[in-house]
Amino acid sequence: MKRFFLTPLALLAAGCVLNAQSYRPPKVNLDLLPRHELRMHENKAWKSGEVVNYRVHYGLVNAGIASLSVHDAATDFNGRKAYHIIGEGKSIGSFDWFFKVRDRYESFIDKEGIFPHRFIRNCDEGGYKIFQDYSFDAEKRAMINHKKETYMTPDFVQDMISAYFYARTLDFSKAKPGDVFTVNSILDDEIYPLKMKYAGKEQIRVDAGTFNCLKFVPVVAKGRVFKREEDLMVWVTDDLNHVPVLAKAKILVGSVKMEMLNYKGLANPVAQVK
């Protein structure tokens, strides 16, 4: 069983991943794979300069802080421009004394197609360390891990971070409660279909203010990390940004909550209640 990481990024992605039905893609010889046309995908949801900060609670304890920031990548990937997304999380206060967390995630996302070129995961959580460095060849539908192993992937597969940013670009304007949105993602060399069920609209108050939100419930399998299907919930702003405001998870060993502290540089007006 995979370890459940207590970070905001885990709430937004890995919490769902841990319970999704996964499969290990076949290893391949990259030189033998054919090339395919790259896609164009419209992105009105986010841009360079966006920074969002979060507070993380474990039960009643103020356990950590985290941030997600969007930058222009310093280098091109085969002549294509990319965004450089950085996600960082760390434990604070008394929680830091007995369970020290220092997490850093990076994703380099194609500006025109919103698919990853590279993903770096460097985490230290309570002494449990993990490092991953994935390179993606979207034309050949392949991923090369830090062990130099090459795997065939679904079209434009997402990494742990790019999956979240890609999902924000989707059009939810005609969504009805019960509609399910699926994003194929890769984690630990396995493919996971991340499924998010739309659950309607709610007004949510957090430290950053009060927001009109869309509520999503990741479709999870019960029993491994979560007791019930709806033990993980995420609220995003009901605007073109679709930025996460609040995430709650009831897990087998307690509860975790992530809430927005502040934000800047959003691409669109935000659905904040004055």
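Mentor: Start with strand 5, which is mostly covered: 7 of its 10 residues are buried. Keep in mind that this is a predicted model.

Trainee: Why is Arg-121 called buried?
Mentor: Buried means under 20% relative accessible area. Arg-121 has a relative accessible area of 1%, so it is buried.

Trainee: What makes strand 4 and strand 5 a pair?
Mentor: Pairing takes at least two bridges. Strand 4 and strand 5 are joined by 9 bridges, and they run antiparallel. So they count as a pair.

Trainee: Why is the contact of Asp-188 and Arg-121 called a salt bridge?
Mentor: The limit is 4 Å between a side-chain nitrogen of Lys or Arg and a carboxyl oxygen of Asp or Glu. The closest N and O atoms of this pair are 3.5 Å apart, so it qualifies. Asp-188 lies in the loop between strand 9 and strand 10, and Arg-121 in strand 5, so the pair ties together parts 67 residues apart in sequence.

Trainee: Why is Asp-188 called partly exposed?
Mentor: Its relative accessible area is 22%. Buried needs under 20%, and exposed needs over 50%. Asp-188 falls in between, so it is partly exposed.

Trainee: What makes Asp-72 and Lys-111 a salt bridge?
Mentor: Their closest N and O atoms are 2.6 Å apart. That is within 4 Å, so the label holds. The pair links distant parts of the chain, 39 residues apart: Asp-72 is in strand 2, and Lys-111 is in the loop between strand 4 and strand 5.

Trainee: Are Asp-72 and Lys-111 buried or partly exposed?
Mentor: Asp-72 has 46% relative accessible area, and Lys-111 has 30%. Both values lie between 20% and 50%, so both residues are partly exposed.

Trainee: How do you know that Asp-96 and Arg-102 form a salt bridge?
Mentor: The distance, N to O, is 3.1 Å. The cut-off is 4 Å, so the pair counts. Arg-102 is partly exposed, at 34%.

**Positive phi**

Trainee: What makes the phi of Asp-188 worth a mention?
Mentor: Most residues other than glycine have a negative phi. Asp-188 has a positive value, near 55°. His-242 has one too, near 50°.

Trainee: Where is His-242, and why is it called buried?
Mentor: His-242 sits in the loop between strand 12 and strand 13. Its relative accessibility is 8%. That is under 20%, so it is buried.

**Core and contacts**

Trainee: Which residues touch the most other members of the largest nonpolar core?
Mentor: That core has 54 residues, and among those with the most such contacts are Trp-46, Ile-85 and Phe-165. Strand 10 gives the most to this core, with 6 residues. A second, separate core of 5 residues includes Phe-77, Phe-108 and Ile-120.

Trainee: Why is Asn-268 called buried?
Mentor: Asn-268 has 18% relative accessibility. The limit is under 20%, so it counts as buried. Leaving aside neighbours within four places in sequence, its contacts include Lys-44 and Leu-240.

Terms used
Residues are numbered from 1 along each chain as its sequence is written. This is a predicted model: local features need pLDDT of at least 70, side-chain atom pairs count only at pLDDT 80 or more; totals for chains, interfaces and linings use all residues. Side-chain values use heavy atoms; hydrogens and water are left out. Helices (H or I, at least four residues) and strands (E, at least two) are DSSP runs, numbered from the N terminus. Buried means under 20% relative accessible area, exposed over 50%, partly exposed in between (1.4 Å probe, protein chains only). Contact means heavy atoms within 4.5 Å. A nonpolar core is a set of buried Ala, Val, Leu, Ile, Met, Phe, Trp, Tyr and Cys residues joined through side-chain atoms within 4.5 Å.
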